[in-house]
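Student: Please take a close look at one side chain in this model. Then place it against the packing of the whole chain.

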Amino acid sequence: MKLIIDNLSKTYSNGIKALQNISLEIPQGMFGLLGPNGAGKSTLMRTIATLQEADQGSIFLDDIDVLNQKNELRQVLGYLPQQFGLYPKISAEVLLNHFAVLKGISEKGERNDLVKALLQKTNLYDVRKQNLSGYSGGMKQRFGIAQALLNNPKLLIVDEPTAGLDPVERNRFYNVLSELGERTVVILSTHIVDDVKELCTNMAIINQGQVSLKGNPLKIIEELKGKVYKKTIEKSELESYRQHYQVISEKLFLGQPTIHIISDVNPGNGFSLINAELEDVYFAQIFNQNTNLKTIS
Ligand code: ADP
């Protein structure tokens, strides 16, 4: 099972080039699509999910031609969109059962078993009788996963699932997702670096509609080894450091800015070498298009 996206482009009628010649090979397992807001992630996810058209290019899931065989793809697709507004005053168990009927699982015993298994898998079994309208954000997202898994999909698309979740809920959601990766192509679109760090064996960063980096997260981080330095400075010095160094991130620590820079040689001047993190890779890509990282697979 493999998803192959080749040379995919989309320009909206307002002239925004949301996707520009995107090419990606996405194998089984968890794939992280990381990029800032407006990068084109949702456009790509919706196109793969057959919900909108591309201008150019192709997408194949094994031998299914996604852009031309929409019904075939939909039969093996699970999709959790960025926003889904279905929180009625009925219980998770009843609604999931109802969705299962809609998906054509007509035999009652089989349906009950499946609903039970999915509620257990998504850690909602204990709250299955509660109305969805009273669910927390994290519980709703896990319900979204349960409904997306009803047809035992070969391709699962999850668009920005952890936005707005608190750290505890985010962790619960990670645990549910991490169980799924083995026999399915799972694409997780996110602007949260930790989502990818925790879960994904392959990833791509997209920015302004283009793939700027793709590969295995650990190998990608390895590329920055020995090149990321840190220093805590005064606020008034920030501008000067920005001019003299390749600053990839600026964070406040106890009210004082701590900067990370990329440098091939030891910059001295009080900087200390640190272990590169995926976040450094991400910031380097997003804020410094001129770093020399490229495809690492
Ligand atoms: P992301 O999911 O990474 O935040 P999107 O795919 O939603 O990015 O958006 C990519 C770009 O396309 C953005 O500049 C956004 O404003 C624009 N865009 C998205 N949807 C539409 C649309 N229906 N019509 C016009 N422009 C759009």
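**A lysine without a partner**

Tutor: Lys231 is buried yet has no salt bridge. The nearest side chain of opposite charge, Glu237, is 5.9 Å away. Buried means under 20% relative accessible area (1.4 Å probe, protein chains only). A salt bridge needs a side-chain nitrogen of Lys or Arg within 4 Å of a carboxyl oxygen of Asp or Glu. Lys and Arg count as positive, Asp and Glu as negative; His and chain ends are not counted.

The model is predicted: local features need pLDDT of at least 70, side-chain atom pairs pLDDT 80 or more, while totals for chains, interfaces and linings use all residues. Residues are numbered from 1 along each chain as its sequence is written, and side-chain values use heavy atoms, without hydrogens or water.

Lys231 sits in strand β11 (residues 228-232). Strands (E, at least two residues) and helices (H or I, at least four) are DSSP runs, numbered from the N terminus. The Lys231 side chain reaches the backbone oxygen of Asn269 at 2.7 Å. Beyond four places in sequence, Lys231 is in contact (heavy atoms within 4.5 Å) with residues including Tyr241, Pro257, Ile259 and Phe271.

Now the packing. The largest nonpolar core has 55 residues. Such a core joins buried Ala, Val, Leu, Ile, Met, Phe, Trp, Tyr and Cys through side-chain atoms within 4.5 Å. Helix α10 (residues 278-287) gives the most to this core, six residues. Eight of the ten α10 residues are buried, so the helix is largely enclosed by the rest of the structure. Asp280 and Gln285 are among those buried residues.

Technical notes. Buried means under 20% relative accessible area, exposed over 50%, partly exposed in between (1.4 Å probe, protein chains only). A polar contact is a pair of N or O atoms within 3.5 Å; within protein, one must be able to donate a hydrogen and the other to accept it, and residues adjacent in sequence count only if both atoms are side-chain atoms.
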